[in-house]
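Visitor: I would like to learn how to read aromatic pairs, a pocket and a helix in a model. Where do we begin?

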Amino acid sequence: MMRAVILKTRPGRQYHFGKVSLDDNTGLNETSDFAHSDTLFSALVNIISEAFPGEVENFIEAVRDGHLRFSSVFYCLQNGERLRYFLPAPANWVLKDPDQNNPFSKIRFLSKKVWEQGITPKKLMESGAV
C-alpha cells in the first residue's frame, strides 16, 4: 500500500537540497529541486536518534528489510481542504527536444492529475495548449 505523508513547514522557511558534486574535493554548489531519498533517510535517522535513541537500529533494520520504504520528498499544495500533489516532469519531456526553445524544457513538475491522465508534450501540442 502506498501512502503520502504530508510534512508541513512553517511559512517562509527555506531549505537547501544539495546535489552530489562530480568531484569529491569540491563542495556542494548546486541544489536539487527536491529532497532525494538518501537525504530524507539521513534526516529521519538524525531525528529518530535525538527523539528515540533506542529505536535507531529498529528503524534502519525496517528500511533494510523492506518493511518500510519511502521515496524522495516532492511538493504538495494545499488550498483549504484540497491537496494537489506534484511529481518531477519525466526526463523524456526534455530529452526528445533538449533545445532551449523547447516549451517543455522549463517544466520541472507536473501535478499528479496530469501524470494520471497521461498528458504528454505531443498531446499538448496537438491540442493547441502550447
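Guide: We begin with a ring cluster: Phe41, Phe59 and Phe70 are linked by ring pairs. Keep in mind that this model is predicted.

Visitor: How many aromatic pairs does a search of the whole structure find?

Guide: The search finds three.

Visitor: How is such a pair described?

Guide: Two values describe a pair of aromatic rings: the distance of the centres and the angle of the planes. Take Phe41 and Phe70. Their centres are 6.3 Å apart, with 15° between the planes. Planes under 30 degrees apart count as stacked, so this pair is stacked.

Visitor: Which parts does the pair of Phe41 and Phe70 tie together?

Guide: Phe41 belongs to helix 1, residues 37-51. Phe70 sits in the loop between helix 2 (56-64) and strand 1 (76-79). The pair therefore ties together parts 29 residues apart in sequence.

Visitor: What is the geometry of the Tyr75 and Phe109 pair?

Guide: Tyr75 and Phe109 pair edge-to-face, at 5.2 Å centre to centre and 85° between the planes. This pair links distant parts of the chain, 34 residues apart. Tyr75 is in the loop between helix 2 and strand 1, and Phe109 is in strand 3, residues 109-111. Tyr75 is partly exposed at 40%. Phe109 is partly exposed at 22%.

Visitor: Now the largest pocket. What is its volume, and which residues lie nearest its centre?

Guide: The volume is about 1,900 Å³. The lining has 40 residues; Ala4, Val5, Ser72, Val73 and Phe74 lie nearest the centre. By type, the lining divides into 27 nonpolar, seven polar and six charged residues.

Visitor: Which element supplies the largest share of that lining?

Guide: Helix 1 does, with five residues. Strand 1, strand 2 (82-88) and helix 4 (112-117) each supply at least two.

Note on methods:
Residues are numbered from 1 along each chain as its sequence is written. This is a predicted model: local features need pLDDT of at least 70, side-chain atom pairs count only at pLDDT 80 or more; totals for chains, interfaces and linings use all residues. Side-chain values use heavy atoms; hydrogens and water are left out. Rings of Phe, Tyr and Trp (its six-membered ring) pair if their centres lie within 6.5 Å; planes under 30 degrees apart count as stacked, over 60 as edge-to-face and the rest as tilted. Helices (H or I, at least four residues) and strands (E, at least two) are DSSP runs, numbered from the N terminus. Buried means under 20% relative accessible area, exposed over 50%, partly exposed in between (1.4 Å probe, protein chains only). On a 1 Å grid over the protein atoms alone, a cavity is a set of points where a 1.4 Å probe fits but cannot get out, and a pocket is an open set with protein on both sides within 12 Å along at least five of seven lines; lining residues have an atom within 4 Å of a point. Grid points are joined across faces, edges and corners, and a volume is the space filled by probe spheres set on the points. Ala, Val, Leu, Ile, Met, Phe, Trp, Tyr, Cys and Pro count as nonpolar, Asp, Glu, Lys and Arg as charged, and the others, Gly among them, as polar.
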